[in-house]
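Student: Could we go through this structure together? I would like to begin with its core and then turn to the pairs of side chains.

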Amino acid sequence: MRLRKTKQKECRISRGLTLIEMIISLLLSSLAILAVAAVYVSAMHFFQALYIENSQVAPLYAVEEITRTISRANRIIVSGDGYQLKLRLDANDTVTDYSDDSWVSFGLVAEVSGGGVTSYRMRRFDDAIKSDLSNLNTPSRDVVGADPEIQFGLIFRDPPNGVLPFALSSDNISVNITLVVNYGDPPVTRTITTSAAARDMAGA
């Protein structure tokens, strides 16, 4: 009889220990899951912040290239209803010698995507001044779809009604720039507005 009671008591103790072990195991598992969830949430916040920063900074590289080129121009032409910007540069600042001049043109070239929405790629065309000076006052041609992009994968949209991507100021030596950028995956739409002035228009 005593032996049976002892065995029953040991069985109860064993069950009690098993229950405690299960509770401890569940608590440890919960803590591990919480730790993994915290790491995941932190990582998501980090990558989201990184993506937003990249979406904001990357389009500025294209704008910086354009404004930097404008600052070195001695002649500025805006054509194509404000979608073409043509800049004549004098590399050696020789005002009366055009043989070393060249044209750098930037153009928003349209491409129709799904749903009939028009998107644009910013492309660049470099045109050296010919020996007969036939392209002295304007480049040989406009920027076209075969020209290289100034920043691969950067998508542009039409600016708001009444606003031009490139608009020559009344003094003819500075350009107002309004670019609507669609960048990233998923894309982030951002409007960049700035202006740039030519450093020296003496040769215009």
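This is a predicted model: local features need pLDDT of at least 70, side-chain atom pairs count only at pLDDT 80 or more; totals for chains, interfaces and linings use all residues.

Student: Which residues touch the most other members of the largest nonpolar core?

Tutor: They are Ile-66, Ile-70 and Met-122, in a core of 27 residues. Such a core is a set of buried Ala, Val, Leu, Ile, Met, Phe, Trp, Tyr and Cys residues joined through side-chain atoms within 4.5 Å. Buried means under 20% relative accessible area, exposed over 50%, and partly exposed in between, with a 1.4 Å probe and protein chains only.

Student: And which element gives the most to this core?

Tutor: That is β7, with five residues. Helices (H or I, at least four residues) and strands (E, at least two) are DSSP runs, numbered from the N terminus.

Student: What is Ile-66 in contact with, leaving aside its neighbours within four places in sequence?

Tutor: Its contacts (heavy atoms within 4.5 Å) include Leu-85, Phe-106, Met-122 and Ile-150. Phe-166, Ile-177 and Leu-179 are also in contact with Ile-66.

Student: Changing topic, how many aromatic pairs are there?

Tutor: The count comes to one aromatic pair. The ring centres of Tyr-83 and Tyr-120 are 5.2 Å apart and the planes are at 35 degrees, so the pair is tilted. By the rule, rings of Phe, Tyr and Trp (its six-membered ring) pair if their centres lie within 6.5 Å; planes under 30 degrees apart count as stacked, over 60 as edge-to-face and the rest as tilted.

Student: Are those two buried or exposed?

Tutor: Tyr-83 is buried, at 17% relative accessible area, and Tyr-120 is buried at 9%.

Student: How many salt bridges does the whole structure have?

Tutor: A search finds eight. A salt bridge is a side-chain nitrogen of Lys or Arg within 4 Å of a carboxyl oxygen of Asp or Glu. One of them joins Arg-124 to Glu-65, with the closest N and O atoms 2.8 Å apart. Arg-124 lies in strand β4 and Glu-65 in helix α1, 59 residues apart.

Student: What else does Arg-124 form a salt bridge with?

Tutor: Arg-124 also pairs with Asp-126, at 3.0 Å between the closest N and O atoms. Shared partners join Glu-65, Arg-124 and Asp-126 into one network.

Notes. Residues are numbered from 1 along each chain as its sequence is written. Side-chain values use heavy atoms; hydrogens and water are left out.
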